[in-house]
Amino acid sequence: MKLTLKKGREVRLLALILFVITTAIGLIPPTAMAQSVSLPPLPDPALLTDPVFARPGYAQVALPFAGRTRYLLSVEINPAQGLLYGRARVLFVNRTGGTLSSVIFRLYPNHPVHGNRQMKINSVQVNGAAAAGNVLDPEGTVYEVPLSSAIPSGSGVTFDFEYTISLPGGSFYYLSEPLPLVAVYDYSGWRQEVATKGLDYAYNESALFAVNLRAPTEAQTRFVGALKGAVDNLDGTTTYTIVTGPVRNFVIIQARGWGSFELNAAVPIHVLYSGDLSVAQQIGEIAVNAFNYFDANFGAYPYAAFDLVVMRFPSGGEEYPSLVFVNNAEGFRYRRFITAHEVAHQWFYGIAGNDILRNAWLDESLVQVASYLMYLKTQYGSVNAAEEYWTHVMTWYNRIQVVRPINTALEDFTDFADYMSTIYGGGAVFMRELAETMGVDAFIAGLGDYVRAVNLEIGSPCGFYFAMQNRATVDLRSMFRDRVGITC
Ligand SMILES: [Zn+2]
């Protein structure tokens with residue numbers, strides 16, 4: 001009896017101590033707790049080139065990227081605290097051609113498109129030594145990390161970041177670029193734009209990512225890349241190990257209560273959907289047709305699978321390497337149009353990358369015409385191509401107020417409508433005329449040449465011109481000069 005009483009007192013004392021501790025923890029702001037969250041270990045760097053990401057026979061596409069900047073990521077999605085906790089090891093390689101005394105990172109979760117979402121860097125180390133970074137823009141998307149000693153071109157340095165990102169919450173959300181990404185460095189220096197006039201804003205080069213992601217087991221977790229393995233933990237979370245291969249974006253999706261099914265195209269298509277199953281099936285069938293047409297004509301898709309997320313998506317859709325979002329809220333004709341458009345981005349954006357902020361037509365105008373060609377050349381036929389598909393292009397074309405060269409940088413447009421009408425309308429009309437000038441088959445062959453030449457790198461306007469001119473029997477220089485605004 002006495003002993004039991006004593007035990008009871010001890011239990012009460014322990015409970016009191018625990019109460020004081022948990023109350024104190026509750027008073028600490030979540031970001032200050034970043035160090036106390038025990039993240040999964042960083043993935044083994046050998047995973048970066050693991051063939052699991054690749055379609056059979058395509059694993060070698062990772063090899064050119066194994067000597068460049070790579071990302072090892074450990075992430076926890078913690079809904080109770082409303083935060084993503086992250087640790088990123090960036091194996092940076094200086095490919096700028098010059099000596100660097102600092103490296104610029106982009107913190108895209110701080111882009112204004114995300115509203116109040118906040119990404120905070122809690123610590124950064126350079127080759128294991130603490131460093132102090134500087135935010136360079138009012139939005140907090142440009143983060144400079146000075147190096148204690150400058151690094152020559154061709155040499156590498158390791159950055160270790162600890163950070164948090166606030167979670168949007170709700171039963172569905174996705175996190176684009178949930179890590180510090182090295183900014184693109186080109187002839188104009190580090191790219192630091194905060195692009196707000198168009199839909200796309202994250203301009204990155206392809207890189208290899210290996211990720212350990214811990215998320216609630218009950219959530220449907222999807223991502224760019226392939227699943228290497230998954231382990232269920234005792235605390236109701238699952239740790240996913242992800243290998244992406246060379247990709248220019250990384251995205252994590254959290255859904256609850258959504259449907260899913262699988263389709264077979266040239267690679268398996270995983271469909272995740274909300275709303276009506278029959279609409280999702282219809283969009284899935286369109287995706288299979290489009291995928292197989294593009295894969296056969298514009299170069300082989302290199303990844304193991306393709307993720308199609310069907311949902312209410314007011315802007316129409318959004319493209320990431322190996323994953324797209326497609327709007328299910330409109331009628332059948334629109335679904336065909338937008339599904340073909342988003343699937344085509346796997347080739348014109350994903351495989352044949354481009355400077356989306358200065359040469360947006362190299363993905364958007366090409367996607368428009370590629371989808372038109374899919375209609376023309378498959379069971380959809382020329383009647384649907386003209387009446388059904390092309391009307392969407394003309395909607396944008398007819399809104400053109402000022403005729404501009406198609407190769408106009410995003411920041412040089414007055415606003416969103418000016419940009420959209422020129423790139424999605426005028427650019428597509430130019431491409432169709434180019435196809436009719438060259439002959440449609442020569443044009444399709446030229447598109448395939450262009451995709452295979454760019455091959456996961458960043459394509460250029462003149463690279464596209466030469467791919468076309470090579471397949472044409474007429475001189476295309478004046479068309480490109482007058483309409484696109486380039487002389488190569
Ligand atoms: Zn697009």
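**Reading the features**

Author: Let us begin with a pair of residues: phenylalanine 105 stands opposite valine 182 in S10. The model is a predicted one, in which local features need pLDDT of at least 70 and side-chain atom pairs count only at pLDDT 80 or more, while totals for chains, interfaces and linings use all residues. Residues are numbered from 1 along each chain as its sequence is written.

Reader: How are strands and their pairing to be read, and in what sense do S3 and S10 pair?

Author: Strands of a sheet pair through backbone hydrogen bonds, either parallel or antiparallel. Strands (E, at least two residues) and helices (H or I, at least four) are DSSP runs, numbered from the N terminus. Two strands pair if DSSP finds at least two bridges between them. Here, strand S3 (residues 100–106) and S10 are antiparallel, with two bridges.

Reader: Which sheet has the order S6-S7-S3-S10?

Author: That order belongs to an open sheet of four strands with antiparallel pairing. Strand S6 (134–135) and strand S10 (181–182) are its edge strands, each pairing on one side only.

Reader: How many bridges join S2 to S8?

Author: Strand S2 (residues 83–93) and strand S8 (residues 156–166) run antiparallel and are joined by 11 bridges. Within S8, aspartate 160 stands opposite arginine 89. S8 also pairs with strand S4 (residues 119–126), in the antiparallel sense over seven bridges. In that case isoleucine 165 of S8 is the bridge partner of methionine 119.

Reader: Is isoleucine 77 buried or exposed?

Author: A residue is buried if 20 or more other C-beta atoms lie within 10 Å of its own, exposed if 12 or fewer, and partly exposed in between, with C-beta atoms placed from the backbone. Isoleucine 77 has 23 other C-beta atoms within 10 Å and is therefore buried. This residue lies in strand S1 (residues 70–78).

Reader: Which residues are in contact with isoleucine 77?

Author: Two residues are in contact if their C-beta atoms, placed from the backbone, lie within 7 Å. Leaving aside neighbours within four places in sequence, isoleucine 77 is in contact with Leu84, Leu167, Arg214, Ala215 and Gln254. Glutamine 254 is 177 residues from isoleucine 77 along the chain, yet their C-alpha atoms are separated by 9.2 Å.

Reader: What is the order of the sheet with five strands?

Author: The five strands form an open sheet in the order S18-S19-S20-S22-S21, and the pairing is mixed. Strand S18 (259–264) and strand S21 (317–320) stand at the edges with a single partner strand each, so one side of each is left without a neighbour in the sheet. From one strand to the next, the twist averages 20°. S18 pairs with strand S19 (residues 268–273) in the antiparallel sense over six bridges, and valine 271 in S19 is the bridge partner of phenylalanine 261.

Reader: Which helices pack on this sheet?

Author: Axes are lines fitted to C-alpha atoms, for helices over the stretch in contact, and angles run from 0 to 180 degrees between N-to-C directions. H2 packs on the sheet and touches S18, S19, strand S20 (306–311) and strand S22 (323–327); the direction of H2 makes about 150° with that of S19. Helix H3 (residues 332–344) also packs on the sheet, touching S21 and S22, and the direction of H3 makes about 165° with that of S22.

Reader: How do H2 and H4 cross?

Author: Helix H2 (residues 277–297) and helix H4 (residues 361–377) cross at roughly 100°, and their axes come within 10 Å. H2 is thus roughly perpendicular to H4; angles under 35 degrees count as roughly parallel, over 145 as roughly antiparallel, 65 to 115 as roughly perpendicular and the rest as oblique. Ala290, Tyr293 and Phe294 in H2 meet Ala370, Met374 and Lys377 in H4.

Reader: Where do H6 and H7 meet?

Author: Leu434, Ala435 and Met438 in H6 meet Val440, Ala442 and Phe443 in H7. Helix H6 (residues 416–438) and helix H7 (residues 440–454) pack at an angle of about 115°, and their axes are 6 Å apart.
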